Amino acid sequence: MTAAVEFAPWTDPTETPLIRFERVVKRFGDFTAIEPLNLSIYRKEFFALLGPSGCGKTTLMRMLAGFEAPSEGTITIGGRDMAGIPPNKREVNMMFQSYALFPHLSVWDNIAFGLKRGDMSKEEIAARVDDMLRLTRLDRFAKRKPHQISGGQKQRVALARALAKAPKLLLLDEPLGALDKKLRQDTQFELMDIQEKTETTFVIVTHDQEEAMTVASRVAVMDNGKIVQVDTPPKIYETPNSTYVADFIGDVNLLHGRAEIRADGLASLAWAEGATPIKGTAGEGLQGGEASFVIRPEKVTITASKPKDRTNVVKGKILDIAYLGNLSTYHVELPGGQVLKAQTANNRRLSRRDFTWEDEVYLSWTDTAGLVLAR
Amino acid sequence: MKQFSWFNATALTLGFAFLYIPMIILVVFSFNDNRLVTVWAGFSTRWYVELFQDEAFLDAAWVTLRVAFSSSTIATVLGTMAAYVMVNGGKFFGRTLFSGMIYAPLVMPEVITGLSLLLLFIAIGLDRGVITIVLAHTTFAMCYVSVVVSSRLVNFDRSLEEAALDLGCTPFQAFKLVTLPLIAPAVISGWLLAFTLSLDDLVIASFTAGPSATTLPMKIWSSVRLGVSPKINALSTILILLVTIGVIAASITSKRSIARALRDEQMADQSA
């Protein structure tokens, strides 16, 4: 076995991207769906476009598939300009949100549909379809019609059909949206597994941040036709470049105030009259001035007595407790009326809570746990 | 079970009597042995025998079938194409006007349609005969087909067609391999509707037919003007029988396909 090399082609300047968006704009009448946008996606990546509905992520994907043409700018796939090339001439396949299985064809024929459009022989097609059936564990259902199989099986047929032509690029439009939570989690791992086996570049569109974080090598967070941040899931989570990203991904506490860059490189934020300024890592491009302090609830420690070793300490009163089984989240009200959330893992069986409603508690965090972001 | 109610029973009887008594009388008198239509003189099938020996009626029936078959087939092709463009063509200049114009002939009085077609055929010097009736029937039947097909296309999942394009189909292949098989039931019922409309049209056919071609409704109409013959009763009874068989067959097939779909869904539930 060779040592696992971290897969990060986007950090390698000699690598040429598979897909390149250059100053791409898309307008529908007066409405601008995509603002001028640049984006590079690399071979074998599992790339997620994440954002709320209406942020332009689906438009971006439909432009890759060829169903929409950019109003301005160019899209290249594998170095080739895609302008004017219809969907059927692109080495791109798509898995539709509704699966779009052909209801009048059997599972087998659905998977063979794309192959029959090429110049493959009957035997080659049969062999390829059988491979796909095995890959997606659908062997037993080959003869069934789409309405005779369950939702999870339909999802796998759609995937098999899109992968059958061995496309350079596979697009997945909210592929797991119709599945229930348990099945969705299993399927996410299955997708990653299949992506690794087939070494295809996947671009997934989703509004589910957990899904994007689980499957993707990189995530692009979108808002109103703009890409706000493109990064690996840990970086998106730990170092969001804006309060929008911080708020969109996971749970977050926000405190607003005036920031100052300190001599030690950290930033401090005056957040309330008379309170000690809190310290945190300075976000990208922070100059001081109006800023927000961002911290994840699990990085906030809750204690009954004042911790001595930390400088970021605030006092408050427990307002609410959310018991989630594995975790408990405490909503703590500060004297100024702000509410901070602190999360603790319940690693021991809970017979009696340490804290209860109305308790006076101290919240604290390390100097680098939070992030100060310009507003 | 609901309680028996005299009111419901009476309403039902009256309603159905209103609808069916004329037809029952017609059927009964078609087996009348008397030359006078309204005087009963015993059971006989002699009018049926005479009908099948009457060349003029058989010719008219043959013309009608040929006209109905060709006009409904052409109307189905044209109507489906029109519906497809109206529903899927996106926004183009004058689309609202066009879709309005497709439906206009539906409400146009038949006399006007017939007259305008007649004037057109005279103007371009087309000899009136089977061809002109086919053209005329195609014209009005096309609107009905396009209404039926577009109501199906509105509910058609566009992503199916996109999936076909994505998998390498040209737009025409996508239509042929995916859209058409799925909208086939609507296309077939459009064809049946066009066929029936052409079968029983009298007004437009009278305007556009020439001396060489007479359709069955025209033949019946002209012979009734000379007095109702029991032969017409016999012919009408045959037509009623054919229509009844058609309706029953259609409802049985649709019931069966519903039953099959239900069974398939149950299978899916079990395997899930």
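Visitor: How much of chain A counts as buried?
Guide: Of its 375 residues, 40% do (buried: 20 or more other C-beta atoms within 10 Å of a residue's own; exposed: 12 or fewer; partly exposed: in between; C-beta atoms placed from the backbone). This is a predicted model: local features need pLDDT of at least 70, side-chain atom pairs count only at pLDDT 80 or more, and totals for chains, interfaces and linings use all residues. Residues are numbered from 1 along each chain as written, with chains lettered from A and ligands numbered from 1 in written order.

Visitor: What's chain A built from?
Guide: 8 helices and 20 strands, as DSSP runs numbered from the N terminus (helices H or I, at least four residues; strands E, at least two).

Visitor: Which residues touch the most others in the largest nonpolar core?
Guide: Ala48(A), Leu64(A), Leu171(A) and Val203(A), out of 104 residues. Such a core joins buried Ala, Val, Leu, Ile, Met, Phe, Trp, Tyr and Cys through C-beta atoms within 7 Å. Helix H4 of chain A, residues 151–163, gives the most, with 6 residues.

Visitor: Switching to H10 of chain B, which residues are buried?
Guide: Leu216(B), Met218(B) and Lys219(B), in a helix spanning 216–225. They line one face, because down the axis they fall within an arc of 160 degrees (taken from directions, axis to C-beta atoms).

Visitor: What's exposed on the face turned away?
Guide: Val224(B) and Arg225(B). Just after the helix, Gly227(B) takes a positive phi of about 115 degrees.
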